[in-house]
Amino acid sequence: METAGIAIYPPNAPKQSVRLRRFFVGSAAHTMNLAFVLLCWALGFLDTYSVTVYAAIAVAFNLVVYGVIRSGLNLRFKDPSLTFLQISIPAVMGLYIMYFAGVARGAFLLLGLAMFSFGMFRFRARGFVQLAAFILTVYAAQTGLLLYFHGDEANRKLELLLWVAFAMALGQFSFLAAMVGSLRHKVAEKNQALAKQNGELEVALQRISDMAIRDELTGVYNRRYLMERITEETLRGQRNGSAFCICMVDIDFFKRVNDQYGHQPGDTVLRSVAHAASKALRQLDFFGRYGGEEFLMVLTDTALEGAMVTAERVRERVAQLLFPDIDPALRVTVSIGVAEHVRRADAASTLKRADEALYRAKDGGRNRCVAAPLGDGSLHETH
């Protein structure tokens, strides 16, 4: 919300906006109190001077509180909502105007109780008792001044009775505040526990989701998920004629790695190759483990020529991998068979063509990319 180019609420500060909304609710209550004071003035219970002073202080106080919260100065205090200040000062103002109200003084005590009800939902019992003690002390001082300067006009017994009744009412409010505070504390604890449980549940659900589509060892997509994506791309190609390619990737001489270094270093090699290959692809492509040391790349919206470029990039990145923790001299390469899906063919035939191209890459010396023929029977090979 903005007025004349100035935002009433601070941008990007939701907590401050909430505090200002509470302030505006309190300001509405102050406005109602001011209206009551004006009514008392109109009926002759208050003089013009005391009402003017009260109104000026009320306006100034609200402007100052708004400025402090809007500027962020309130964040320096223990209670950024300034609850004690926003209740105690108006209460003192009420006691001030009550001093001049004559026989109408008792009516202002009702407004004071209404004002204290706001504190029930912000203070805990201790804070509310401190606020009540402060107001009762000021009220006692006001009563003392009244009896001293206007003893001939005031009824001592009645004033004492009003003070005792107000003190008893605040005592009951303190008891209710303790109950409300306890309930708020319990609700806050339960909300925190619920938020924690929800967070743990989200993590668990994400883990389950990952387990359903991810290979446990390498972290890339598993075979089942890859087959689902290939089926989707096949159907999409049938609908709109979009091209996609399947690349079969196999680690060269991987059995030697396991035999020479063991299965744990072999797992490290698998993870490293999977990470390097997946990082070489676009976000709209899919890469996963097909089985053993074989991986699949599903390159969406890609024709054969572009797929060969991607396959060559993957091959080069894998060839640059180093394994100092296993053996500084260890080098790993991959052979890749690339097949562009033919629109009227099924997914199985495209996979078979990619596998056959991979076999030719292996048979041709490994560490190379070979494309399956589309129709003329020619092969395209890079290494």
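**Helix packing and cores in a predicted model**

Colleague: Where is the place of Tyr261?
Modeller: The model is a predicted one. Within this model, the place of Tyr261 is in helix H8.

Colleague: Is Tyr261 buried, partly exposed or exposed?
Modeller: Buried means under 20% relative accessible area, and exposed means over 50%. Tyr261 has a relative accessibility of 22%, so Tyr261 counts as partly exposed.

Colleague: Which residues does Tyr261 touch, not counting residues up to four places away in sequence?
Modeller: Gly292 is 31 residues from Tyr261 in sequence and 17 Å from Tyr261 in space, C-alpha to C-alpha. With residues up to four places away in sequence left out, those that Tyr261 touches are Ile326, Asp327 and Leu330.

Colleague: Are H8 and H9 roughly parallel, roughly antiparallel, roughly perpendicular or oblique?
Modeller: The axes of H8 and H9 lie 7 Å apart, at an angle of about 140°. Angles over 145 degrees count as roughly antiparallel and 65 to 115 as roughly perpendicular. The relation of H8 to H9 is therefore oblique.

Colleague: How many charged residues does the contact of H8 with H9 have?
Modeller: From H8 come Phe254, Val257, Asn258 and Tyr261, which meet His263, Pro265, Gly266, Val269 and Leu270 in H9. By class, this contact of H8 with H9 has 6 nonpolar and 3 polar residues, and the charged residues number no charged.

Colleague: How are H1 and H2 oriented to each other?
Modeller: Helix H1 covers residues 14–42 and helix H2 residues 48–71, and their axes come within 11 Å and cross at roughly 175°. Angles over 145 degrees count as roughly antiparallel. H1 and H2 are therefore roughly antiparallel.

Colleague: How do the residues of the contact of H1 with H2 divide by class?
Modeller: Among the H1 residues that meet H2 are Arg19, Phe23, His30 and Trp41, and the H2 residues include Tyr54, Asn62 and Arg70. By class, the contact of H1 with H2 divides into 14 nonpolar, 6 polar and 2 charged.

Colleague: Which helices do the buried residues of H2 pack against?
Modeller: H2 has 24 residues and reaches 34 Å from its first C-alpha to its last, close to the 34 Å expected. Its buried residues include Val51, Phe61, Val65 and Ile69. The buried residues of H2 pack against H1 and helix H3 (83–99).

Colleague: How do the residues of the contact of H2 with H3 divide by class?
Modeller: The axes of H2 and H3 are 10 Å apart at an angle of about 175°, and the two helices are therefore roughly antiparallel. Among the residues in contact are Tyr49 and Ile57 in H2, and Leu85 and Met93 in H3. The division of the contact of H2 with H3 is 15 nonpolar, 3 polar and no charged.

Colleague: Which residues touch the most other members of the largest nonpolar core?
Modeller: Elements that give two or more residues to this core include strand E3 (244–251), helix H9 (263–279) and strand E5 (294–300). Val273 touches, among others, Ile251, Phe295 and Val334. Of the 34 residues in the largest nonpolar core, those touching the most other members are Val273, Met297 and Ile336.

Colleague: How many residues does the second, separate core have?
Modeller: Ala91, Met115, Leu131 and Ala177 are included in the second core, which is separate. The number of residues in this second core is 32.

Colleague: Is Asn222 buried or exposed?
Modeller: Asn222 lies in the loop between helix H6 (156–213) and helix H7 (223–240). Among the residues Asn222 touches are Met211, Asp215 and Arg289. The relative accessible area of Asn222 is 14%, so Asn222 is buried.

Note on methods
Residues are numbered from 1 along each chain as its sequence is written. This is a predicted model: local features need pLDDT of at least 70, side-chain atom pairs count only at pLDDT 80 or more; totals for chains, interfaces and linings use all residues. Side-chain values use heavy atoms; hydrogens and water are left out. Axes are lines fitted to C-alpha atoms, for helices over the stretch in contact, and angles run from 0 to 180 degrees between N-to-C directions. Helices (H or I, at least four residues) and strands (E, at least two) are DSSP runs, numbered from the N terminus. Angles under 35 degrees count as roughly parallel, over 145 as roughly antiparallel, 65 to 115 as roughly perpendicular and the rest as oblique. Contact means heavy atoms within 4.5 Å. Ala, Val, Leu, Ile, Met, Phe, Trp, Tyr, Cys and Pro count as nonpolar, Asp, Glu, Lys and Arg as charged, and the others, Gly among them, as polar. A nonpolar core is a set of buried Ala, Val, Leu, Ile, Met, Phe, Trp, Tyr and Cys residues joined through side-chain atoms within 4.5 Å. Buried means under 20% relative accessible area, exposed over 50%, partly exposed in between (1.4 Å probe, protein chains only). The expected span of a helix is 1.5 Å times one less than its number of residues.
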